[in-house]
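This briefing is meant to be read alongside the sequence and the coordinates shown below.

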Amino acid sequence: MPSYLLSLDQGTTSSRAIVFSHQGEIVATGQHEFPQHFPHPGWVEHEPQDIWNSTIDSAREAIEKAGIQAADITAIGITNQRETTLVWDRHTGEPVYRAIVWQDRRTADECLPLQQHTEMLRELTGLLPDPYFSATKIAWILDNVEGARVRAEAGDLLFGTVDSYLLWRLTDGAVHATDATNASRTLLFNIHTQQWDEELLALFRVPRQMLPEVKDSAAEFGHSAAHWFGGEITIAGIAGDQQAALIGQACFSEGMAKSTYGTGCFVILNTGKQALMSEHRLLTTVAYRLNGQVTYALEGSIFMAGATIQWIRDGLQLISNAQESQSLAEETGYDNPVYMVPAFAGLGAPYWDPDARGAILGLSRDTGIKEIVTAGLQAVCYQTRDLLDAMAGDGVRPAELRVDGGMVVNDWLVQCLADISGVPISRPKVTETTALGAAFLAGLQTGVFNSLDDVSQLWVHERAFIPELDVTTRERLYQGWQSAVKRVCKVE
Ligand SMILES: Nc1ncnc2c1ncn2[C@@H]1O[C@H](COP(=O)(O)OP(=O)(O)O)[C@@H](O)[C@H]1O
Ligand SMILES: O=P(O)(O)OC[C@H](O)CO
């Protein structure tokens, strides 16, 4: 009897594969980093072959470490960095350009005239005209790679987000599909009708024939070809990584929220069957689609969270590893006059200013490394507060926030989050919730789990972080952040 689930988690800086037991416990992990390409300021690209190799190598490593065979795996779940855009030849499989990564700002100018369509885009897609999403990236490839538009119109090119590309390769080109969560990040998908939208395809000049079929998040997506893992494996779940984390955190009831701290930070709040439109520049997105039923979410996206700490480590070389940030912050404490606004790639929610650039403010002669490092961590907390306040403005303040991602091993950071946001934080035992969410989806489809209730039973709490800071100090610190943000971007 197969008794494992394999999750493929293709992230921005690394690919991971995790073998889970049917009880949701981690059995073995494989992980491979891959190079980032920054050919021009504001541009971020990945080599498609790196995405593929790192994924397949991680999967084989995890399977080998677990000491199992393909036949022992009930199903594969795929989860992925979202919005990142690939275009490849339907016949040869050859990508026509590198993957344009979600962080890439090259289409900022193309987004300016789209401002006049903001309301329409918001209503149909729940998104905003920003280079973050896939549509303008697809158009850029079609307009800038010689012959690409003609080939796309002739039906020779395929578009996919990373899930779609991995699925296509795993199935040896047999399946070109995606799930509703990934589709909902393209600016081309009507989140109410759950269809690619002709009006949007015309606006962004994207040929319909390039697009993948959109399925439920738990569905029959095909089989991985036998030669990849020594036997065919059913692919039964797909979700964008932030939605997968919501599932892995078992946030299945309206009002439940999770926040993931990896490269960026993404707060997602389950709004149930209602596609709640934000008045505070949050996104409305598909949380998951199961048995044709859509559950919606409000999302706040921060582009730089862990990436700020990476920059402090690699760019400024102030620390030699990310863990050091914790002891330095403990020394500094909250009362830090230095503020860092990490707008390296513009600012995401709720500001949406692609032209904003980063700044460190409040420097004096006694400022040292520890204050700057601490400011990097505090920026993550202040930005989370921005998002929670925006959600509260839309009438929903979660009673607790479930956190995950590589940064949440940092206890100081998580306590600071509780103190600055005023919301109790809950950290689960398995913080690999993204991969877990994809495994849950694959397990739901293949009968390992019968319902979301079954899945909720597997979520295990590890530690609570309760807000302790007095309100006056909290508000004073936060006002300092708001002043700093006003210095670098247009705050409406
Ligand atoms: N102890 C720590 N304190 C602060 N940040 C950390 C710590 N450990 C890791 N990080 C940050 O977490 C990020 C890695 O998280 P991860 O979830 O693996 O990211 P992703 O999936 O986006 O690649 C890195 O950007 C790193 O700087
Ligand atoms: O690769 P991550 O985990 O930083 O996630 C990237 C997001 O999906 C971008 O929207």
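In what order do the strands of the open sheet of 7 strands follow one another? In this predicted model, the order is β17-β18-β16-β15-β21-β22-β23, and the pairing is mixed.

**The sheet**

- The edges of the sheet are formed by β17, covering 283-290, and β23, covering 461-465, each of which pairs on one side only.
- On average, and with direction ignored, neighbouring strands of this sheet are turned by 30° against each other.
- Strands β21 (residues 401-404) and β22 (residues 425-428) run parallel and are joined by 2 bridges, and R402 has S426 in β22 as its bridge partner.

**Helices packed on the sheet**

- Helix α10, residues 241-248, packs on the sheet and touches β15 (257-261), β16 (265-272), β17, β18 (293-302) and β21, with a direction that makes about 60° with that of β16.
- Helix α14, residues 411-421, also packs on the sheet, where it touches β21, β22 and β23, and its direction makes about 150° with that of β22.

**Domains and their contact**

- The chain is divided into domain 1, which spans 4-241, and domain 2, which is made up of 249-428 + 460-492.
- The C-alpha centres of domain 1 and domain 2 are 26 Å apart, and 24 residues of domain 1 are in contact with 21 residues of domain 2.
- On the side of domain 1 that touches domain 2, the residues are, by class, 9 nonpolar, 11 polar and 4 charged.

Notes. Residues numbered from 1 in each chain as written. Chains lettered and ligands numbered in written order. Predicted model: local features only at pLDDT ≥ 70, side-chain atom pairs only at ≥ 80, totals over all residues. Pairing = 2+ DSSP bridges. Helix = DSSP H or I, 4+ residues; strand = E, 2+ residues; numbered from the N terminus. Axes fitted to C-alpha atoms, helices over the stretch in contact; angles between N-to-C directions. Contact = placed C-beta atoms within 7 Å. Domains from an automatic or database assignment. Nonpolar A, V, L, I, M, F, W, Y, C, P; charged D, E, K, R; others polar.
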